2 protein chains.
Amino acid sequence: MIPKLEIFSQGEEIVTGQTVDTNAAWLSQQAVPLGFMVTRHTAVGDKLDDLVVLLREIASRAECCLCTGGLGPTSDDLTSEAVAKAFDLPLVFDPIAFEQIQQFFNQRQQPMPAANRKQAMLPKGAERLDNTLGTAPGFALWHQNCWLVFLPGVPSEMRQLFSEKVKPTLNQSFNLQPHTLVSIKTFGLGESLIQQRLEEITLPETVQLGFRASQHDVQTKLLFPPNFDSSARHALVTKLRNQLGEAVFAIDTTSEATGDLVTTLDQLMTRAGQTLAVVETISQGLLAGLCTGSVWLLESTYQQSLPRLLKKLGITESTENLSRLAQTIAFTTAEASGADYVLVQLYDGSFQALQDKTQATRLHTVLFTKGQCYCLEHTVVGIAKHKQHRAALLAVDMLRRYLQFGRL
Amino acid sequence: MIPKLEIFSQGEEIVTGQTVDTNAAWLSQQAVPLGFMVTRHTAVGDKLDDLVVLLREIASRAECCLCTGGLGPTSDDLTSEAVAKAFDLPLVFDPIAFEQIQQFFNQRQQPMPAANRKQAMLPKGAERLDNTLGTAPGFALWHQNCWLVFLPGVPSEMRQLFSEKVKPTLNQSFNLQPHTLVSIKTFGLGESLIQQRLEEITLPETVQLGFRASQHDVQTKLLFPPNFDSSARHALVTKLRNQLGEAVFAIDTTSEATGDLVTTLDQLMTRAGQTLAVVETISQGLLAGLCTGSVWLLESTYQQSLPRLLKKLGITESTENLSRLAQTIAFTTAEASGADYVLVQLYDGSFQALQDKTQATRLHTVLFTKGQCYCLEHTVVGIAKHKQHRAALLAVDMLRRYLQFGRL
């Protein structure tokens with residue numbers, strides 16, 4: 001049986017939205033590969049009754065609970081009190097905890113405020129978790145079949161305490177079988193098209209399949225159970241990868257995160273030691289902006305007016321065939337810049353038509369390298385910014401595909 | 001009675017920690033000033049039984065539930081099914097939703113995958129919430145005393161749907177006593193400097209003061225209780241605004257969000273009916289990229305190599321005094337582009353030195369307009385991307401200050 005784990009975040013600043021709860025995501029990222037099944041995240045504010053109810057709920061549902069926040073010295077820090085009330089345990093003064101808190105202030109040559117004494121009161125029978133970064137010690141205790149761990153809410157303190165004091169001991173309390181998570185990251189295929197392509201592959205029942213789509217990529221996620229044969233895992237991932245073809249730009253595993261589409265492009269360009277010049281129209285600088293920080297981006301030009309762009313480049317060709325024209329621009333820019341790659345993107349219609357969200361916009365993207373021109377056409381839709389962002393990503397992806405597969 | 005509201009996020013990617021749930025914080029930020037008491041955030045994965053249990057729990061505890069995620073076309077998108085099961089409602093085919101989904105694919109000239117038909121199946125009696133950005137319509141329904149609203153998990157779609165379709169109607173269902181939240185948004189002053197400047201102003205005890213700092217701005221937030229006298233509120237806000245001077249670029253109220261620094265610039269430029277050309281070095285296209293979508297951005301140029309940039313512009317001046325050189329570049333660019341404003345930004349040191357996070361970088365930013373040159377110098381620090389981003393924002397802010405206050 002995979003032990004169930006819940007994460008519980010306490011704090012008025014979380015339920016009111018002043019703070020985004022990054023602790024819960026971080027703890028999940030730690031817990032899943034260890035072999036827990038994380039079933040719920042819950043956040044409540046600083047209300048004693050809400051805390052008591054929630055602690056009892058979680059203890060009856062899960063085998064492990066990781067709780068953050070509410071350990072501070074002020075009156076709205078109620079965790080110990082809530083634990084005492086929920087599980088009917090008296091609060092007991094812990095002299096070692098008290099000494100550590102005093103030491104924290106002594107080291108800073110500050111007097112200890114009276115309020116901090118409260119942080120040395122722990123529920124009876126709880127195991128103290130010494131916090132070397134702040135004044136609040138954490139603690140942990142069993143209630144029936146649930147191991148509840150209480151950590152400070154300050155992310156740096158929470159992370160250190162978890163890594164040093166909690167993570168190494170979880171194996172003693174639980175029979176954990178670590179899982180492996182693989183994410184196949186693609187650009188250019190929609191979520192439903194991916195699903196369609198993968199339909200013919202039969203997954204073992206023990207492997208969980210999931211998808212995550214954003215503007216930047218679609219991730220196909222496979223969660224493998226412990227003891228899943230690693231060569232069978234590799235074979236399956238390869239099968240899926242092949243099915244998704246050149247849309248795959250990177251694969252994440254539990255032990256290795258690869259970054260986004262531009263990170264992949266950056267690695268490919270850096271490895272190739274080559275340079276890029278871009279000529280933008282629809283994306284107004286966004287394409288260069290995506291590559292910001294890259295030494296291989298030599299130059300970029302954006303012109304709202306196409307005739308003015310042509311005049312600047314000394315091109316007299318007519319503007320009727322945009323794909324042809326983009327090729328001429330690419331050739332001229334390659335000559336002038338000396339860049340190894342040139343990306344040029346033109347679009348049908350006016351800048352005003354681009355602003356109209358009911359109108360689709362047709363793109364003509366050209367990649368020029370080593371005397372060769374490659375041409376792709378795409379349609380982008382939606383509000384202007386969305387079309388522009390998509391256009392910039394499509395151009396980035398065109399270069400990525402060429403570098404990764406040597407063709408388009 | 002203040003109505004209780006809970007936020008419910010669905011997705012395996014959230015409970016496993018692959019995604020930080022920013023939707024919950026964003027929705028809380030919306031709900032609190034409207035007059036709700038947000039009592040809980042809960043996230044669960046893609047398991048039908050967990051979803052059903054949680055939906056029933058929330059409907060019995062809260063008067064309003066905002067739920068995100070699980071509306072997609074794939075097999076792990078289970079929200080409609082869970083709602084149907086939890087509240088004993090059949091799923092009904094919605095022909096209008098289906099037509100919208102088909103249209104989404106038609107516009108992209110793609111065939112609609114069979115899987116997407118599922119998104120047109122809504123629980124009986126639910127009110128459809130049309131989604132103009134994606135394929136997934138949202139929906140909302142009453143269950144006993146709870147109004148449950150279901151929104152897509154993609155943040156951009158969720159935010160638009162909430163703002164356009166949900167927020168305006170909440171007043172009809174609930175007796176809300178809105179608090180007033182005022183955010184004074186500044187650029188160019190640090191959080192502690194702001195605090196220092198505001199120290200001499202005494203706030204009424206009922207008004208809550210808070211700060212939020214990001215790379216883009218520092219927000220000074222004032223939360224006024226219901227029935228706080230509006231002219232006293234205006235007087236207090238004006239006092240704070242004056243204390244913060246020209247760093248203030250916008251003021252948000254509960255009823256009016258003003259957007260970011262670039263939004264303010266966009267309004268000022270659009271109102272003035274004038275145009276801009278930019279010449280970037282350090283920011284590699286990021287400055288133009290920030291203004292993407294703006295009709296007033298006529299052209300942008302980025303060159304990694306300063307000698308090459310000068311050659312391209314036909315400038316023979318020596319490169320020793322960068323502020324002078326930036327003025328010459330601005331003048332040349334104004335002549336060639338015909339733009340009303342020209343921003344030019346140069347920096348000390350090489351592109352390689354910029355990559356070194358231990359080295360600060362000195363910026364020379366010039367604004368040219370109506371035959372006049374304005375020059376500012378700044379120092380930026382940190383990793384390369386941070387320096388580049390800051391440089392772009394400083395240039396944007398320079399133009400914003402000129403347009404807003406007529407001077408620098």
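Two residues are taken to be in contact when their C-beta atoms, placed from the backbone, lie within 7 Å. In this predicted model, B:Cys65 is by that criterion in contact with B:Glu6, B:Phe8, B:Ile58, B:Ala59, B:Cys146, B:Leu148 and B:Val149, once its neighbours within four places in sequence are left aside. B:Cys65 and A:Cys65 are the residues with the most contacts inside the largest nonpolar core, which has 99 residues. Apart from that core lies another, of 59 residues, whose members include A:Leu236, A:Cys291, A:Val344 and A:Ala392.

Between the two chains, 57 residues of chain A are in contact with 59 residues of chain B. Sorted by class, the side of chain A that touches chain B has 22 nonpolar, 28 polar and seven charged residues.

Within chain A, the domain assignment gives domain 1 (4-173), domain 2 (180-258) and domain 3 (263-405); the centres of domain 1 and domain 2 of chain A, taken over C-alpha atoms, are separated by 36 Å.

In chain B, helix α9 (residues 230-244) has 15 residues and reaches 21 Å from its first C-alpha to its last, close to the 21 Å expected at 1.5 Å a residue. After α9(B) comes B:Gly245, with a positive phi near 60°.

Conventions:
Residues numbered from 1 in each chain as written. Chains lettered and ligands numbered in written order. Predicted model: local features only at pLDDT ≥ 70, side-chain atom pairs only at ≥ 80, totals over all residues. Nonpolar A, V, L, I, M, F, W, Y, C, P; charged D, E, K, R; others polar. Domains from an automatic or database assignment. Helix = DSSP H or I, 4+ residues; strand = E, 2+ residues; numbered from the N terminus. Expected span 1.5 Å × (residues − 1). Core = buried A, V, L, I, M, F, W, Y, C linked by C-beta atoms within 7 Å. Buried ≥ 20, exposed ≤ 12 C-beta atoms within 10 Å, placed from the backbone.
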